[in-house]
Amino acid sequence: MKTLQEKIEAYKKEISAFTAADENEIESFRIKYLGSKGLVKSIMSEMKNVSPDNKKEAGLLLNEFKTFVEEKFASLKSATATVDTTGDGKSSSIDFSLPGDPMPVGARHPVVLMRNRIVSIFQRLGFAVAEGPEIEDDWHNFGALNLPEHHPARDMQDTFYIQQNPDWVLRTHTSNVQIREMEKASLPDRQGKLPIRMIMPGRVYRNETVSARSHCFFHQIEGLYVDENVSFADLKQTLYFFVKEMYGQDVKVRFRPSYFPFTEPSAEMDVSCFICGGSGCNICKKTGWVEILGCGMVHPNVLSNCKIDPNKYTGFAFGMGIERPAMLKYGINDIRLFSENDIRFLQQFTAAI
Ligand code: PHE
């Protein structure tokens with residue numbers, strides 16, 4: 001009799017000390033103590049070894065032990081089960097009173113902020129956004145843009161070629177999208193899609209040594225307008241509007257003659273330095289002007305290459321980098337910061353350009 005009581009006391013100690021972290025552990029408790037092969041069952045079966053005189057006392061002890069284990073089981077369950085979350089009558093172990101996990105708010109990348117700002121200005125003028133592939137064939141990156149093979153102007157842009165296929169390059173500018181959009185518009189069933197008025201942002205690649213001022217990849221935005229009677233005056237007015245929206249009403253603009261094989265005539269556009277206002281600083285290299293984009297009238301050969309009749313249609317195109325204006329705007333002095341993914345850098349920018 002003594003031994004049974006001692007055994008039960010020992011088990012009680014063990015059971016009192018039991019704690020469960022989750023429902024799986026509660027289930028193991030149930031199996032171990034209350035299951036069909038559990039401890040309570042097996043200890044009950046010891047009744048048959050008890051002498052008739054002690055049966056009553058032993059029965060009381062065992063029943064009391066069984067109740068003890070059941071109560072422990074119930075208390076384990078109620079400690080974790082709190083709320084009926086699914087409405088199916090079963091409670092879950094989720095504690096809704098705990099504070100939530102913080103969800104840190106991200107920041108937009110400065111290149112994205114600048115791109116969105118530029119795109120939204122042109123959207124107000126009726127330009128739609130178009131995108132194209134970053135891995136491009138020679139025709140769309142060079143050939144159709146009036147840079148035939150061995151043309152010296154190909155050297156203007158150091159190109160990454162793709163080993164697998166000598167016809168593929170990483171696009172050196174977003175002008176490939178010009179070609180793709182013009183080709184689409186000239187397909188027989190797409191005749192109605194002219195005029196084209198599009199703005200084309202994207203990433204471009206050049207085989208250049210990476211430094212604080214230049215990178216082997218960066219972003220451009222290209223604009224294209226093709227219709228009947230599009231003139232250089234339209235180009236100028238469009239860009240004037242852009243510059244005033246972007247840099248303020250007082251900014252001055254100048255066009256310098258330039259050369260691009262895909263435009264004729266071609267120009268580069270400068271704006272009066274928005275850091276020093278034109279008086280000369282180290283951003284504008286003491287000239288008072290900052291170059292922001294290249295532009296010109298789409299070369300008739302380019303229109304013909306895209307099966308658009310150059311006698312009927314004319315167009316203008318322009319292209320600008322995104323990193324440089326972003327660097328000037330935010331006072332960023334190293335282009336490599338844009339692609340290093342350092343959260344301390346990236347967190348600093350807000351949409352207020
Ligand atoms: N593609 C030119 C460049 O990358 C920019 C440009 C676009 C110039 C369209 C004229 C017209 O430098």
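**Entry 1: the sheet around β9**

A reminder to myself before anything else: this is a predicted model. I began with strand β8, residues 289-298, and found it antiparallel to β9, with four bridges joining the two. One pair I looked up there was Met297, which stands opposite Phe316 in β9.

Next I checked β5 (residues 217-227) against β9 (residues 314-321): these strands also run antiparallel, and eight bridges join them. Here Leu224 has Ala317 of β9 as its bridge partner.

Then I moved on to β7, residues 263-272, which runs antiparallel to β8 with eight bridges between them. Glu268 is paired with Gly294 in β8.

What is the order of the whole open sheet? I read its seven strands as β1-β4-β5-β9-β8-β7-β6, with mixed pairing. The edges are β1 (128-129) and β6 (253-260); each has a single partner strand, so one side of each is left without a neighbour in the sheet.

**Entry 2: the ligand site**

Which elements supply at least two residues each to the shell around the ligand? I noted α7 (175-186), β5, β8 and β9.

I counted 15 residues around the ligand, and the nearest are His173, Ser175, Arg206, Gln220 and Gly319.

- Ser175 has a polar side-chain atom 3.0 Å from a nitrogen atom of the ligand.
- Arg206 has a side-chain N or O atom 3.1 Å from an oxygen atom of the ligand.
- Gln220 has a side-chain N or O atom 2.9 Å from an oxygen atom of the ligand.

How much of the ligand does the protein bury? Taken alone, the ligand exposes 320 Å², and the protein buries 91% of that.

**Entry 3: helix α2**

Last, I looked at α2 (residues 23-34), a helix of 12 residues. From first C-alpha to last it reaches 15 Å, close to the 16 Å expected at 1.5 Å a residue.

Which residues of α2 are buried? I found Ile26, Phe29 and Tyr33. They cover an arc of only 55° around the axis, which puts them on the same side of α2.

At the N-terminal end, Asp22 caps α2, with a side-chain oxygen 3.1 Å from the backbone nitrogen of Asn24.

Conventions:
Residues numbered from 1 in each chain as written. Predicted model: local features only at pLDDT ≥ 70, side-chain atom pairs only at ≥ 80, totals over all residues. Heavy atoms only, no water. Pairing = 2+ DSSP bridges. Expected span 1.5 Å × (residues − 1). Buried < 20%, exposed > 50% of the residue type's maximum accessible area, 1.4 Å probe, protein only. Arc of directions from axis to C-beta. Polar contact = N/O pair within 3.5 Å; in protein donor to acceptor, adjacent residues only side chain to side chain. Near = heavy atom within 4 Å. Areas by Shrake-Rupley, 256 points an atom, 1.4 Å probe, with all protein chains shown as cover.
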